[in-house]
Amino acid sequence: WGQSRLCRGLKLKIINNLDEEWEPYFQQSIKDWEQGDPDVLSLSVTKAAVHDPDCEFVTGSMKVCNGDYGNTDWVGLNEVMLLDDQIIASVAFMNDYHLDRMSVEAKQNTMCHELGHGFGLGHWDENFWNRDMGNCMDYTNTYENNQLPDRSNFLFLERMYGKLDGTSFVNNTEGLYCSSKVEYGSSTSSSRSEIFKKRVLTQEIITD
C-alpha cells in the first residue's frame with residue numbers, strides 16, 4: 001500500500017461483505033491484527049451497504065467476502081490490484097464450498113491468513129507437513145496451532161509500513177525508510193505504470 005512512503009503505519013479501510021456466519025471469525029481476526037506488537041495497523045471496518053456477490057475491487061480498501069466458489073483447489077484466496085508494485089486494492093475470498101465442512105479452527109485460520117495477504121504479507125512457510133510456526137501465515141494441517149498472527153508478522157509489517165507513531169528507523173545513517181513493494185507469488189508481466197491483478201493462492205486443498 002502506498003502509505004509505506006510515510007512510514008507511519010498502515011491505516012486501511014476494510015469492507016465487510018460477509019454473511020452473518022462469518023462475523024465472529026472476521027471480528028476476531030480484525031482484533032488480532034490490530035493489537036499487534038509493533039503497533040503497525042489501524043483498521044477502519046465498514047459493512048458493505050449493499051451485498052456484492054462478485055466481490056469487486058474498491059480502490060484504497062480491502063473487501064472481505066464469502067460464498068460458494070465451487071470445487072476449487074483453494075479454501076481461501078486473496079487478489080490484490082497493483083500500481084507501481086504497490087497495492088491499491090485487495091479482495092479476500094472465503095470459499096464456503098470447502099469451509100462449510102471444515103472446523104471452526106480452519107475458518108479462523110483462513111480468515112486471519114487472507115487478511116494478512118491483503119496487508120501485503122506472503123507465506124511464512126508452504127509445507128503443510130513440517131512443524132507449525134505458530135502464526136496464521138504458515139501453511140498447516142493442524143489449524144488450531146496457527147490461529148493468530150505473531151510477532152514475526154508484525155515485525156515484517158513494520159519494515160513495510162513503520163509504526164503508527166512514526167518511531168521506526170532502519171539505522172542512524174539511513175534514517176526512516178519503509179517499503180511495501182509486493183514481492184510474493186508470481187504475477188503477470190507488466191510495465192510499471194500498468195494496473196494489474198495478482199492472485200495469491202492460499203491453503204490449497206490436499207487430497208490423499
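How many helices and strands does the protein have? In this predicted model, in which residues are numbered from 1 along each chain as its sequence is written, local features need pLDDT of at least 70 and side-chain atom pairs count only at pLDDT 80 or more, while totals for chains, interfaces and linings use all residues. Side-chain values use heavy atoms, with hydrogens and water left out. The protein has 4 helices and 6 strands, where helices (H or I, at least four residues) and strands (E, at least two) are DSSP runs numbered from the N terminus. Their order along the sequence is β-α-β-β-β-β-α-α-α-β.

Of the 208 residues in the protein, 51% are buried; buried means under 20% relative accessible area, exposed over 50%, and partly exposed in between, with a 1.4 Å probe and protein chains only. Among contacts (heavy atoms within 4.5 Å) with a separation of 6 or more, 71% are between residues 24 or more positions apart.

Strand β1 (residues 10-17) is mostly covered, with 6 of its 8 residues buried. Strands are taken to pair if DSSP finds at least two bridges between them. By this criterion β1 runs parallel to strand β2 (residues 41-47), to which 7 bridges join it, and L10 stands opposite L41 in β2. Between β1 and β2 the chain passes through helix α1 (residues 23-34), and this β-α-β crossover is right-handed; that is, with the strands pointing away from the viewer, the path from the first strand over the helix to the second runs clockwise. Strand β1 also pairs with strand β3 (residues 61-67), in the parallel sense and over 5 bridges.

The structure holds 7 aromatic pairs. Rings of Phe, Tyr and Trp (its six-membered ring) pair if their centres lie within 6.5 Å; planes under 30 degrees apart count as stacked, over 60 as edge-to-face and the rest as tilted. The pair of W22 and Y25 is edge-to-face because the ring centres are 5.4 Å apart and the planes stand at 65°. W22 is buried at a relative accessible area of 2%, and Y25 is buried at 12%. W33 and F154 also form an edge-to-face pair, since their ring centres are 5.5 Å apart and their planes are at 65°. W33 lies in helix α1 and F154 in helix α4 (residues 151-161), so this pair ties together parts that are 121 residues apart in sequence. W33 has a relative accessible area of 0% and is buried; F154, at 3%, also counts as buried. Together with F119, W33 and F154 form one aromatic cluster.

A charged group is also placed over a ring: R101 lies over the face of Y97, at 4.7 Å from the ring centre. The criterion is that NZ of Lys or CZ of Arg is within 6 Å of the ring centre and within 35 degrees of the ring normal.

T110 is located in helix α3 (residues 104-119) and counts as buried, at 0% relative accessibility. Apart from neighbours within four places in sequence, T110 is in contact with V75, G76, M94 and L99.
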